[in-house]
Amino acid sequence: MLLPEGVVIDGTTGAVSPSTDRYEKRLSDLRGFFRDDAALDRAIAEGGDPIAYEVIDYRHQASDLAFGTTIMMPGKVGDEFNMTRGHYHLRTECGEAYYTQSGEGLLLLESRDGEVRTVEMKPGVCAFIPPDWAHRSINTGKDKLVFVWFCATDAGHDYGSIKDRGMRKLVVERDGKPALVDNPNYA
Ligand SMILES: [Fe+2]
């Protein structure tokens with residue numbers, strides 16, 4: 001039987017205690033998601049294939065609700081800020097919430113019919129992700145971006161749609177600031 005418990009989340013490091021699982025993605029795992037492959041190769045070579053982000057789960061299959069943290073490193077690939085792969089949920093009726101704890105970023109969202117929205121990620125903002133909107137988080141700051149996410153345990157991830165087509169917009173640095181631009185490679 002599952003028992004209630006308090007889970008300690010460190011909003012600065014993203015540590016979750018107790019946690020049930022974790023994974024990390026290195027820059028090389030994100031090949032195909034950034035626009036500029038040559039810039040990705042340079043960033044991998046210069047940084048020794050650094051960790052781009054880490055996800056820590058608190059997830060029990062016997063519960064409908066799961067949560068955890070995502071810890072995103074700062075940096076850029078060419079002029080694109082570090083980002084997650086981005087996904088739809090396999091269960092299209094499942095939304096999600098992202099509650100930013102530290103750092104700054106942008107949540108980029110895209111509906112199936114091509115509507116694009118962003119939500120600022122900064123401490124105090126809990127972003128609502130409606131069902132069936134693709135979502136990708138982007139660290140536009142100089143420090144780690146740490147957020148807590150809450151979603152259905154079995155929502156599932158469809159990363160392939162984003163890898164195949166890309167998202168309609170990119171978040172790049174322009175004049176020292178993040179800017180939303182059209183993705184020239186969007187298929
Ligand atoms: Fe999600």
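How many aromatic pairs does the rule give? I counted 3 aromatic pairs, taking rings of Phe, Tyr and Trp (its six-membered ring) as paired if their centres lie within 6.5 Å, with planes under 30 degrees apart as stacked, over 60 as edge-to-face and the rest as tilted.

Notes on the model. This is a predicted model, where local features need pLDDT of at least 70 and side-chain atom pairs count only at pLDDT 80 or more, while totals for chains, interfaces and linings use all residues. Residues are numbered from 1 along each chain as its sequence is written, and side-chain values use heavy atoms, without hydrogens and water.

Aromatic rings. I looked up Tyr58 and Phe67: their planes are at 25 degrees and their centres 5.0 Å apart, so this pair is stacked. I then took Phe67 and Phe150, whose centres are 6.0 Å apart with planes at 40 degrees, so this pair is tilted. Tyr58, Phe67 and Phe150 make one aromatic cluster. For burial I used relative accessible area (buried under 20%, exposed over 50%, partly exposed in between; 1.4 Å probe, protein chains only). Phe67 has 17% and is buried; Phe150 has 32% and is partly exposed.

Iron site. I found His87 (NE2), His89 (NE2), Glu96 (OE) and His135 (NE2) as protein donors of the iron ion, 2.0 to 2.2 Å from it. Donors are N, O and S atoms within 2.8 Å of the metal (3.2 Å for Na, K and Ca); water is not among the atoms, so sites may look incomplete.
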